[in-house]
4 protein chains.
Amino acid sequence: MRVAVVGGAGYIGGELLRLLLCHPDVELVQATSDRQRGQPLHAVHPNLRHLTSLKFTAHDELGEADAVFLALPHGTAMHRIDELALRDWRIVDLSADFRLRDPKAFARHHGVEHRRPDLVERFVPGLPELGRERLRGARWISVPGCQATAAILALRPLAAAGLVAGDVLIDARTGSSGSGSSPAPAAHHAERSGVMRVYQPTGHRHEAEVAQACGVSTRMTVTAVEAVRGVQVVLHLRPARPLRQTDLWEVYRAAYADEPFVRLVSQRSGLYRHPEPKVLSGTNLCDVGFAVDDDGCRVVLIGALDNLGKGGAGNAVQCLNVAAGLDERAGLGFPGLHPI
Amino acid sequence: MRVAVVGGAGYIGGELLRLLLCHPDVELVQATSDRQRGQPLHAVHPNLRHLTSLKFTAHDELGEADAVFLALPHGTAMHRIDELALRDWRIVDLSADFRLRDPKAFARHHGVEHRRPDLVERFVPGLPELGRERLRGARWISVPGCQATAAILALRPLAAAGLVAGDVLIDARTGSSGSGSSPAPAAHHAERSGVMRVYQPTGHRHEAEVAQACGVSTRMTVTAVEAVRGVQVVLHLRPARPLRQTDLWEVYRAAYADEPFVRLVSQRSGLYRHPEPKVLSGTNLCDVGFAVDDDGCRVVLIGALDNLGKGGAGNAVQCLNVAAGLDERAGLGFPGLHPI
Amino acid sequence: MRVAVVGGAGYIGGELLRLLLCHPDVELVQATSDRQRGQPLHAVHPNLRHLTSLKFTAHDELGEADAVFLALPHGTAMHRIDELALRDWRIVDLSADFRLRDPKAFARHHGVEHRRPDLVERFVPGLPELGRERLRGARWISVPGCQATAAILALRPLAAAGLVAGDVLIDARTGSSGSGSSPAPAAHHAERSGVMRVYQPTGHRHEAEVAQACGVSTRMTVTAVEAVRGVQVVLHLRPARPLRQTDLWEVYRAAYADEPFVRLVSQRSGLYRHPEPKVLSGTNLCDVGFAVDDDGCRVVLIGALDNLGKGGAGNAVQCLNVAAGLDERAGLGFPGLHPI
Amino acid sequence: MRVAVVGGAGYIGGELLRLLLCHPDVELVQATSDRQRGQPLHAVHPNLRHLTSLKFTAHDELGEADAVFLALPHGTAMHRIDELALRDWRIVDLSADFRLRDPKAFARHHGVEHRRPDLVERFVPGLPELGRERLRGARWISVPGCQATAAILALRPLAAAGLVAGDVLIDARTGSSGSGSSPAPAAHHAERSGVMRVYQPTGHRHEAEVAQACGVSTRMTVTAVEAVRGVQVVLHLRPARPLRQTDLWEVYRAAYADEPFVRLVSQRSGLYRHPEPKVLSGTNLCDVGFAVDDDGCRVVLIGALDNLGKGGAGNAVQCLNVAAGLDERAGLGFPGLHPI
């Protein structure tokens with residue numbers, strides 16, 4: 001399968017390139033970047049040195065492919081979709097443009113009207129754990145945001161079982177790569193290093209994605225902490241009835257027994273007894289854990305992933321694998337490092 | 001005033017030594033450590049080089065002083081208190097031993113019975129912002145834990161105004177110095193570096209301290225993140241009535257207008273628009289901020305401090321200043337660094 | 001091929017386990033650790049969760065295997081070698097015990113007499129780039145230290161060409177995993193974080209390894225910096241005759257044209273124009289670069305690697321691949337991450 | 001004394017503001033920044049909150065003062081000097097413009113001709129340890145670069161004693177604040193985090209400063225490592241005759257016995273036995289250490305400082321103290337933090 005990456009010079013784009021270059025069933029045929037046009041891929045992504053002799057081309061020079069990944073800034077894909085729709089290829093969009101089915105929610109969270117709300121329904125949600133069947137053979141796919149992915153995978157089994165009462169509070173912590181590869185004051189090393197920056201105490205746009213997928217209302221606070229790739233979400237909720245730890249194991253084991261990329265992590269001891277994103281760097285894994293208060297009336301859920309892996313490029317490749325009928329795990333076997 | 005530090009080789013002890021050596025109205029006369037006995041202070045704390053020629057003595061060699069700080073592991077002070085009580089000096093205890101007035105709460109959170117519950121009432125709570133009058137002239141003082149201090153300072157004005165409805169969720173994030181100076185797997189660099197470790201999802205012992213000081217029920221989750229000294233707490237609560245941002249400013253300005261070490265930080269823009277602990281390293285400041293959801297029905301409070309500063313040694317020195325009738329700010333003027 | 005790891009609970013051991021569990025031609029049959037006996041491998045190495053159901057056994061319970069890796073503390077292997085020699089398996093030793101052919105150099109650098117100097121010659125040096133032929137079919141292999149590996153790969157082509165005059169100064173910088181997984185003051189997070197610690201200004205033991213491999217005298221200074229896995233060496237030397245950058249390219253291209261795991265990195269621009277270890281985390285790569293002063297009379301060589309990868313476990317697996325006649329690259333294809 | 005800071009929004013400027021606001025004998029009257037004009041100082045430097053109500057003014061609005069610090073980008077001061085020279089105030093320039101007495105060296109290292117080479121001689125070198133007498137009463141002062149300061153303080157006693165033979169190799173390691181506060185790819189957090197980036201293997205401009213001050217030829221390699229404020233230099237040299245550790249102590253004790261801001265650090269044991277910049281953050285200290293090889297024929301010198309402290313703003317304030325006849329230590333008493 002010949003695959004192209006549009007927007008290959010960013011961090012999500014670079015991770016796509018790495019995964020696709022090592023994918024046994026895929027041939028990377030093109031990577032575009034207006035900014036880096038003419039540069040070899042490894043001039044931007046040093047880990048690709050010796051893996052390929054491809055150079056970035058301009059977006060306008062996009063050629064033939066069986067599938068194309070869109071790793072463009074939010075708000076860009078909806079402007080290019082008409083042109084991209086002219087060709088018969090699979091499209092996997094990694095931006096926020098086609099995630100929210102409600103155009104009002106899109107306008108509220110993104111501050112602009114959606115240009116093609118009519119097309120949103122044509123995009124299949126790109127999270128295999130949410131429904132693998134719709135993804136098989138899908139032509140257009142929209143993958144969720146990194147924090148939303150972690151929160152959905154942590155929350156959905158409990159929500160689907162009708163065990164969530166009231167609002168869910170989500171404390172999300174994020175590494176620096178989530179804000180992209182362009183220099184900016186918020187990502188300047190001397191400011192970002194060692195930070196605990198609550199940059200959005202209320203009203204984060206990923207709330208709507210979680211609500212859409214899980215059917216419960218959420219409140220999300222996002223804090224930037226010292227990490228590059230990791231994302232962690234801690235969800236606080238009251239259960240519909242008192243729950244014990246064994247109840248939670250039952251719910252989550254049933255939900256994820258056959259999932260290749262979700263691991264349940266909730267041990268009594270050990271440094272890594274709860275989900276910890278640092279050991280997930282480079283993987284397509286999402287670790288999910290849970291704890292209950294002594295009285296069973298307060299549940300804490302924890303999700304962790306690599307925001308460029310299962311929170312972005314890895315998940316997008318998994319979706320393509322499912323859509324194209326490949327082995328779902330193909331190209332995604334890296335288990336992560338310890339220590340790191 | 002002649003002052004001694006019992007347990008001067010740990011991190012809290014070292015911070016006390018630094019503050020006391022630079023304090024205009026204090027003479028540091030002794031620092032004890034059984035482990036480092038005979039070593040110059042700067043052999044353990046390199047920042048004290050050239051500041052003093054004192055050497056650590058054994059605990060048993062503790063001599064005369066007007067005031068003594070106890071920077072001992074939790075559970076130790078209650079075993080030494082009888083002996084220490086024989087002399088007529090001020091005692092400032094930085095351990096958890098005499099913080100909780102309810103001996104059952106102590107036993108539940110610390111796993112052992114209190115040895116001298118009868119003495120707890122003789123310790124004045126060491127947080128000037130909670131009541132400066134009781135501290136004036138106080139002989140025995142017990143300062144709160146670092147996360148509790150941040151949470152109390154963030155929550156108390158709203159709680160005292162009767163504006164908190166229901167439980168308060170506290171997401172606490174902590175740097176590595178909070179777990180002390182003794183090598184341990186959890187603090188081994190390769191494991192601790194870049195971590196987001198939810199090490200206590202439910203039932204943290206600081207909950208009881210916050211509840212005692214604020215009169216509201218709390219649930220605390222603690223996560224270790226990559227930092228050395230910083231502590232940040234994010235509190236989520238429903239207000240008793242819808243609140244606007246201006247209401248919060250009013251409550252907090254009234255509470256903290258005259259406080260020398262609490263700053264209100266809640267701006268619309270800027271990298272440091274919410275409380276951020278990294279710029280508080282070395283200071284005795286606690287920054288407090290707040291935000292409300294659009295509908296005013298969800299409040300987020302944020303507190304930040306240096307766990308060895310206002311969360312420990314700095315606050316203890318402030319308490320001594322108040323108790324001994326010194327200038328409350330004496331020795332605590334360092335404003336922190338930017339960048340850091 | 002059935003393979004066992006002796007000393008699997010440390011960091012080098014864990015990296016061996018990860019590589020061997022993902023190796024296409026190898027079956028991991030056992031991992032020993034007296035300390036972690038009975039624990040599942042993933043209780044210590046969280047990245048191995050779901051990869052294996054093996055548990056650690058005691059060292060004494062070591063069973064059958066075709067090859068055994070020794071990842072034991074320095075000074076241990078020479079005490080176990082008699083017992084290990086009783087069986088007919090390949091041995092790959094990752095400790096320092098059998099690296100130095102001169103027993104006096106061993107005693108000088110390690111402070112103890114070697115127990116079995118007569119066996120040193122039976123160990124083939126475990127660096128394929130130094131001589132692949134001797135490794136083919138080798139039964140006993142001793143791999144070099146991480147800093148030595150980086151320095152040898154950077155220096156040897158120039159030294160072998162007779163182009164090095166006088167001593168070589170080596171400035172080595174190292175991450176924290178190099179000092180092992182046991183908690184210790186030097187690796188305590190609050191002390192180790194953000195450090196630039198010159199912990200051995202003169203006389204490092206890796207000097208002798210470099211001298212043995214390259215035939216030139218070296219002086220090495222080692223500094224611990226904030227990193228977990230990375231090692232970087234910067235070598236300063238005077239060339240035997242003035243050299244231009246193109247001369248260096250010629251020498252190094254000739255030496256490494258066919259090497260699968262050495263990359264030459266010496267560009268005019270770009271953030272990663274010189275070897276940088278952080279993008280090598282998890283890989284078996286060693287990046288080598290070079291620069292000359294304007295007058296060609298001073299050469300700077302740079303080597304970078306992951307101390308657990310090409311500086312340890314990765315290189316050991318590569319040696320086994322060569323010795324056992326497998327594809328030399330098998331199991332070592334991970335290209336590293338960007339960003340990280 | 002009324003003091004103004006020109007270029008107060010950068011990192012050096014911010015450190016000057018902090019030091020001057022806490023200085024007992026100085027009144028900060030103005031801070032300029034075209035970029036931040038109209039903003040309160042604490043909007044840029046959060047540590048200045050509550051310390052001042054000053055706002056940044058444009059450079060053109062610079063008013064009266066007794067002394068003015070120039071914290072402008074390199075190459076700017078020489079363009080403004082004619083205008084600044086019209087007023088009768090002390091000038092302390094922190095840029096590179098007036099450091100090198102040889103205009104050819106300036107042109108070679110900075111790539112442009114100097115605009116006012118005739119004025120260079122009017123600037124007194126701003127390093128009190130190099131000659132305090134010339135600084136007393138000085139009107140124009142030019143302080144050295146951060147790496148040069150560390151290297152000069154480490155090297156000069158030995159060089160002045162005629163004990164240095166041949167070239168000196170300098171391995172400099174630097175934190176991120178040294179490259180300023182403007183976002184740029186090299187300082188983007190995801191790229192800069194955890195890096196060991198040899199960004200200038202040969203020919204660094206600080207070589208000329210060290211040579212000018214010490215009278216010996218140097219070769220400097222600069223590596224960016226994970227730190228914000230720290231700078232460390234490791235110098236390698238051959239002594240003119242074999243030296244023992246006690247010889248070095250003698251030379252350095254004689255040189256620095258009365259220096260308030262240079263500490264000799266060369267212990268046999270302890271984590272901080274050699275100069276380590278992290279414990280110097282926020283201080284005006286330069287720690288200097290040394291070691292010799294067993295045969296006394298190779299000397300390693302180590303210098304460490306905070307690049308914004310003794311490597312910049314702190315040193316500039318010390319120079320002003322000397323020039324204006326104030327207590328040389330005034331405003332510079334912060335001893336640094338441990339841990340940090």
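Predicted model: local features only at pLDDT ≥ 70, side-chain atom pairs only at ≥ 80, totals over all residues.

Modeller: Here is a conversation about how the descriptions of this structure are reached.

Biologist: What is the mean pLDDT of chain A, and what does the term stand for?

Modeller: The term pLDDT is the predictor's confidence in each residue, from 0 to 100. Chain A has a mean of 96, and 100% of its residues reach 70 or more. For the model, the scores are ipTM 0.96 and pTM 0.97.

Biologist: Let us turn to a single residue. Why is Cys319(B) called buried?

Modeller: A residue is buried if 20 or more other C-beta atoms lie within 10 Å of its own, exposed if 12 or fewer, and partly exposed in between, with C-beta atoms placed from the backbone. Cys319(B) has 26 other C-beta atoms within 10 Å, so it is buried.

Biologist: Where is Cys319(B) found, and which residues is it in contact with beyond its sequence neighbours?

Modeller: Cys319(B) is found in helix α10 (residues 309–324) of chain B. Helices (H or I, at least four residues) and strands (E, at least two) are DSSP runs, numbered from the N terminus. Two residues are in contact if their C-beta atoms, placed from the backbone, lie within 7 Å. Leaving aside neighbours within four places in sequence, the contacts of Cys319(B) are Val92(B), Gly126(B), Pro128(B), Leu135(B), Ile141(B) and Val143(B).

Biologist: What makes His50(C) buried, exposed or partly exposed?

Modeller: The count for His50(C) is 14 C-beta neighbours inside 10 Å, so His50(C) is partly exposed. His50(D) has 13 such neighbours inside 10 Å and therefore also counts as partly exposed. His50(C) lies in the loop between α2 (41–44) and β3 (67–70) of chain C. His50(C) has a positive phi of about 75° although it is not a glycine, and His50(D) likewise has a positive phi of about 75°.

Biologist: What makes the relation between chain A and chain B that of a two-fold axis?

Modeller: Chain B can be laid on chain A by a turn of 180° and a shift of 0.0 Å along the axis, with an RMSD of 0.0 Å. That is the relation of a two-fold axis. Copies are superposed by least squares on the C-alpha atoms of residues with pLDDT of at least 70 in both. Of the residues of chain B, Glu226(B) comes closest to the rotation axis, at 2.8 Å (C-alpha).

Biologist: How many residues of chain B are in contact with chain A, and how do they divide by class?

Modeller: There are 36 residues of chain B in contact with 36 residues of chain A. β10(B) gives the largest share of the side of chain B that touches chain A, with four residues. That side divides into 17 nonpolar, eight polar and 11 charged residues. Ala, Val, Leu, Ile, Met, Phe, Trp, Tyr, Cys and Pro count as nonpolar, Asp, Glu, Lys and Arg as charged, and the others, Gly among them, as polar.

Biologist: Last one: which peptide bond in chain B is cis?

Modeller: A cis peptide bond joins His338(B) and Pro339(B), with omega about -5°. Pro339(B) is found in the segment after α10 of chain B.

Methods:
Residues numbered from 1 in each chain as written. Chains lettered and ligands numbered in written order.
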